[in-house]
Amino acid sequence: DGLVVMTYVEGGPPETEADWRRVADTLRQLHRLTDGWPQRPGWRSSTDLLHAETGTKIDLGAMPPEGVVRCRAAWARLTGRDRCVVHGDPNPGNIRMTADRVALIDWDESHVDVPDLDLVLPHNAAGLDDGAHDIAAQASAAWEAAVCWDDEYAVKRLAKVRAV
């Protein structure tokens, strides 16, 4: 009936640039291990939404049409890239670190997509070059706007997606 019970995960959120580099390494390991995995039932990747209107939590029909155009333009820049499982929300509250481990929790946004979406991290800890970082940051902002449309956070994220 939707009940999930998990073991408590020790640790705290990443705080330093070195912590965020460890998070990036963990995310890249996740991406390598899940290359080619199938999509979660009912979910869509960002590039799937170039031609689809809905996917689990996303309903592009609920967004302003101009916002959808901007989101799709951001996602189009990811076309043709390999896909794997992405965590989907690697923010400090969803990461628990100890001296010898990085744990990712709260997997409700996980799906199969382009791995760079997970790698828009503080301090550019994943070491993306300027072009790759821009593409990933725009696509990530578009995803976050679409997945939680119509709250204040989604409106702020959509404002970060450049007009075409």
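**A first look by question and answer**

Q: Which exposed residues sit on the face of H4 turned away from its buried side?
A: That face carries Glu152, Lys156, Ala159 and Lys160. Here "exposed" means over 50% relative accessible area, "buried" means under 20%, and "partly exposed" is in between, using a 1.4 Å probe and protein chains only.

Q: What kind of model is this, and how are its values taken?
A: It is a predicted model: local features need pLDDT of at least 70, side-chain atom pairs count only at pLDDT 80 or more, and totals for chains, interfaces and linings use all residues. Residues are numbered from 1 along each chain as its sequence is written, and side-chain values use heavy atoms, with hydrogens and water left out.

Q: What makes up the protein chain, and in what order do its elements run?
A: There are four helices and six strands, and from the N terminus on they run α-β-β-α-β-β-β-β-α-α. Helices (H or I, at least four residues) and strands (E, at least two) are DSSP runs, numbered from the N terminus.

Q: Why is the protein chain compared with a globular protein of that length?
A: Its radius of gyration is 16 Å, close to the 15 Å that the globule rule gives for 164 residues, so the chain is as compact as a globular protein of that length. The radius is taken over C-alpha atoms, and the rule is 2.2 Å times the number of residues to the power 0.38. The C-alpha atoms fill a box of roughly 45 × 45 × 35 Å along the principal axes.

Q: How do you know which side of H4 its buried residues are on?
A: Helix H4 (residues 152-160) has Ala154, Arg157 and Leu158 as its buried residues. They cover an arc of only 100° around the axis, so they are on the same side of H4. The arc is that of the directions from the helix axis to the C-beta atoms. In general, an α-helix has 3.6 residues a turn, so residues three or four places apart point the same way.

Q: What covers the buried residues of H4?
A: The cover includes helix H2 (65-76) and helix H3 (130-147). In H3 we find Ala141, which touches Arg157, Lys160 and Val161, leaving aside residues up to four places away in sequence. Contact means heavy atoms within 4.5 Å.

Q: Why is Ala141 called buried?
A: Its relative accessible area is 1%, so Ala141 falls under the cut-off and counts as buried.

Q: How do you know whether Asn94 is buried or exposed?
A: Asn94 has 6% relative accessibility, so it counts as buried. This residue lies in the loop between strand E3 (84-86) and strand E4 (95-98). Among the residues that Asn94 touches are His87, Asp89 and Leu104.

Q: What makes Val5 exposed?
A: Its relative accessibility is 70%, so Val5 is past the cut-off and counts as exposed. Val5 has its place in the segment before helix H1 (17-33).

Q: Why do His123 and Asn124 count as partly exposed?
A: His123 has 49% relative accessibility and Asn124 has 27%, so each falls in between the two cut-offs. His123 lies in the loop between strand E6 (111-113) and H3, and Asn124 is found in the loop between E6 and H3.
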